[in-house]
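This report describes a predicted protein model. Please consult the sequence and the structure shown below alongside the text.

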Amino acid sequence: MVAAVSLQNVYKVYNKVPVVDGLSFEIQAGEMFGLLGPNGAGKSTTIRMLTTLTKPSEGRIQVAGFDVDHQRSLVKSHIGVVLQQISIDSDLTVWENMEYHGRLHHIPNPQRQKDIDQALEYVELSDRRNDPAKTLSGGMKRRLQIARALLHKPEILFLDEPTVGLDPQTRRRLWEIIRKLNQQGMTMLLTTHYMDEVEYLCDRIGIMDAGKLISLGTLEELRQQYGKGILMKQTGEHWDYKFFPTVEDANQYLEQLPDKTGTMTRPSNLEDIFVELTGRNLD
Ligand code: ADP
């Protein structure tokens, strides 16, 4: 089976600095793939290359079976894109924003009106269709972006930091929309610097740092690899962490410590693994 997304040794160099540095991975059809990393890791640049907005300096990228360099319009007709910066026209109404996008994709009427109605209903914005986009809340604007990206029925949806800057409740609502789309069979790649987002949504996680993929797998595979148990010890303001294959192993280690002050064990999570890998917290 042809991978939905395939990167082979991809580089993007700005001012002689590789901000994407030899990236190779594949996403299978129907997968929800999360690219996690701190600001500046190269996530947006990767999404921009995958969605034909910028060319790779080196390497090969295929999306929906097409080459991003030589088959740009075929790639574009098979993908939906929700970028970090809100790209809707705030002076136009919700419907006008959809209509404009539908025309860009040459969807003929009356199909276009049916598709607009369906997409707006999907993201629960039907009752705001005649309101100027500038009157929408941040979460609604994001939902409008998603509705617009869905209009031409893409196979693969790219979401760059879809919930950045949104309140927890609004984030949850977007997660449900994203999850439902994936359950209906849509392949998705999302970038984020929120651990809980990937833990909740993604089948597989790629951890990126300084332009490189430093780890790749399901959460369970990553926990298996680095250790499923953690022992934490607090010294003043500082916490030390030590990984163990299981929580049981961490408990046994703790049992034989002469001084157990400020020490506890728990199951490891993605944040522990990220800190272990990069030596940094994300926030
Ligand atoms: P992320 O999305 O993980 O925060 P980006 O892909 O936005 O990371 O950025 C990666 C690095 O590339 C950053 O250091 C950023 O400053 C640099 N960068 C991104 N776009 C450009 C550009 N057009 N020109 C020069 N440098 C860029």
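## Overall architecture

Of the 283 residues of the protein, 48% count as buried, where buried means under 20% relative accessible area, exposed over 50%, and partly exposed in between, with a 1.4 Å probe and protein chains only. The model is predicted: local features need pLDDT of at least 70, side-chain atom pairs count only at pLDDT 80 or more, and totals for chains, interfaces and linings use all residues. Residues are numbered from 1 along each chain as its sequence is written, and side-chain values use heavy atoms, with hydrogens and water left out.

The protein contains ten helices and 13 strands; helices (H or I, at least four residues) and strands (E, at least two) are DSSP runs, numbered from the N terminus. Along the principal axes, the C-alpha atoms fill a box of roughly 75 × 45 × 35 Å. Among the contacts with a separation of 6 or more, 65% come from residues 24 or more positions apart, a contact being heavy atoms within 4.5 Å.

## Domains, surface and charge

Two domains are assigned: domain 1 (29-53 + 67-221) and domain 2 (228-267). These bounds come from an automatic or database domain assignment. A distance of 40 Å separates the C-alpha centres of domain 1 and domain 2.

The protein exposes about 13,900 Å², and carbon and sulfur atoms supply 49% of this area. Accessible areas come from the Shrake-Rupley method with a 1.4 Å probe; for residues, only the protein chains shown count as cover. The protein carries 33 positive and 38 negative charges, whose mean positions are 5 Å apart. Lys and Arg count as positive and Asp and Glu as negative, while His and the chain ends are not counted; each charge is placed at NZ of Lys, CZ of Arg, CG of Asp or CD of Glu.

## Helix α1

Helix α1 (residues 43-50) is mostly covered, with six of its eight residues buried. These are Lys43, Thr45, Thr46, Ile47, Met49 and Leu50. After α1 comes Thr52, which has a positive phi near 70°.

## Backbone features in loops

Most residues other than glycine have a negative phi, and most peptide bonds are trans. Against this background, the loop between α3 (94-104) and α4 (111-122) contains Pro110, which is joined to Asn109 by a cis peptide bond with omega of about 5°. His106 also lies in the loop between α3 and α4. The phi of His106 is positive, near 55°, and His106 is exposed, with a relative accessible area of 70%.

Ala210 occupies the loop between β9 (204-209) and β10 (212-217). Its phi is likewise a positive value, near 50°, and Ala210 counts as exposed at 55% relative accessibility.

## Aromatic pairs

A pair of aromatic rings is described by the distance of the centres and the angle of the planes. Rings of Phe, Tyr and Trp (its six-membered ring) pair if their centres lie within 6.5 Å; planes under 30 degrees apart count as stacked, over 60 as edge-to-face and the rest as tilted. By this rule, the count is three aromatic pairs. One of them is the stacked pair of Phe25 and Phe33, with 4.9 Å centre to centre and 5° between the planes. Both Phe25 and Phe33 are buried.

Another pair, Phe244 and Tyr253, is tilted, with 5.0 Å centre to centre and 45° between the planes. Phe244 is buried, with a relative accessible area of 10%, whereas Tyr253 is partly exposed, at 31%.
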